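Open the model in your viewer and keep the selection panel at hand.

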Number of protein chains: 2
Amino acid sequence: MIDIKTVTIVGAGNVASWFAFILAKNGFLINQIYSRSISNANELSAKYSAEPIDDIKKLSPNSDLYLFALKDDVYLEVLDELSIPLTFAVHTSGFNSKEILSRYSKCFGVVYPCQTISKTFSFNELVVPLCVEGNNSDSENILLNFAAKLSDNVKILDEQQRFSLHLAAVFASNFTNAMYDIAFTILEEKKIHWEMLLPLLQCTLDKTKTMSPQQAQTGPAKRGDALILQRHIEQLPTKELEQIYQLLSDFIQKRNGK
Amino acid sequence: MIDIKTVTIVGAGNVASWFAFILAKNGFLINQIYSRSISNANELSAKYSAEPIDDIKKLSPNSDLYLFALKDDVYLEVLDELSIPLTFAVHTSGFNSKEILSRYSKCFGVVYPCQTISKTFSFNELVVPLCVEGNNSDSENILLNFAAKLSDNVKILDEQQRFSLHLAAVFASNFTNAMYDIAFTILEEKKIHWEMLLPLLQCTLDKTKTMSPQQAQTGPAKRGDALILQRHIEQLPTKELEQIYQLLSDFIQKRNGK
């Protein structure tokens, strides 16, 4: 079984930066870092003594692993310019099929971080679960072994599972944040500190660690309290927010047989 | 200024139970506990050496404070049976006006806990912000002083602010939990552990501690990634979920000028 020691990173954005950080921290050697923008490639490479490149044709064939961390919609464009076969190619996307890599390597797969990785947080503090998938059991074992060095939370997920996880993350993270956004705006209007809600929000999240969210549901929609629902809708400043309130309350009521 | 030492609790549900716990812990004497169900009144009273009553007409006039912790829709019914004037009456509802108490006491107000209080969590672990409001500045000062003994997080909120906080809590807690519920169901279908998402959800919440939720927004709707939005909607099993996905994505896109 190949033991991965050297890595080339294709990309220099937030996800690429996190991988560079965690790879270096765990003793991997980073050979090259590619970005279409040479200044981005320079900046990240300098931190890890890697060679910066802005032409994918300059990819050296000497790495054990080629880790693609690109925006979902530029993968095909970048891959299309590849001129050498790669030892082992993985991408890091929740959205793309592993098969986009099949033309470029006999060993390929996915290492998908299920986390929102941005420059806002210190990489040190980030807990990043990794989902791995290989094109065959050998590749998968190599990737499992590799990923286990980067995170304590590694799972094998097939493509359909990964797509579902990506979709679930949109509801549980992006849409949840949109709910925070609406709440924040309602409070701001009345000069109430957001901090007032934080213990409640932590409690809402913590409850799902010991019971299902369906069991944890509370509130006027769950109780079928029509008077509160009506008064709340009257308080909302826009038709759009009324519609969101109504649709989500209907969803909760149906889920609870009201 | 009255110093509140003895309290009568009207109600024996989760909120009443939390108040009884925290009052006793902080040295207050609980005189009586009322519940329409004598067994509930007995059970809670026994813990705090209080007198259980199931007839509101048996309310003793000897308490410094009468704390109403009832379901929003039974307040008027219970208050209607009150036959004695009360020294100081407060309710604990996010929804009702303080004025529902004005007929029964010269000093009245609200002590609203902004937390979901259930038997699921140990009361010891609960961080409960308290919002207080009095019918005049004397009442309000007495309540501020009282509430400060029960929580480190006390704010004066007027009625309109409290109604807004209650509404904001529905979005940020109840609807957020509905998003968790949908995500949980999508993962369950593909046999993926919910735990996989927990670090992401904690990160989503933590980000709002250092920036506004609008600044913290991520995801395909924020980026205006039409291909992912379309693929996600195709993956959803019901029209209702498609509608929720579309409406919330539209909201995020508009918020971000897409």
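How many cavities of 30 Å³ or more does the count come to? Three. A cavity here is a set of points on a 1 Å grid over the protein atoms alone, where a 1.4 Å probe fits but cannot get out. Grid points are joined across faces, edges and corners, and a volume is the space filled by probe spheres set on the points.

This is a predicted model, where local features need pLDDT of at least 70, side-chain atom pairs count only at pLDDT 80 or more, and totals for chains, interfaces and linings use all residues. Residues are numbered from 1 along each chain as its sequence is written, chains are lettered from A and ligands numbered from 1 in the order in which they are written, and side-chain values use heavy atoms, leaving out hydrogens and water.

**Stop one: the largest cavity**

Its volume is about 50 Å³. Helices are DSSP runs of H or I, at least four residues, numbered from the N terminus. α5(A) gives the most, with three residues.

**Stop two: the second largest cavity**

Here the volume is about 40 Å³. Select Thr204(A), Lys207(A), Ala216(A), Gln217(A) and Thr218(A), with Thr116(B), Ser173(B), Asn174(B) and Asn177(B). α6 (198–207) of chain A and α5 (159–189) of chain B each supply two or more lining residues. α5(B) contributes the most: three residues.

Key. On a 1 Å grid over the protein atoms alone, a cavity is a set of points where a 1.4 Å probe fits but cannot get out, and a pocket is an open set with protein on both sides within 12 Å along at least five of seven lines; lining residues have an atom within 4 Å of a point.
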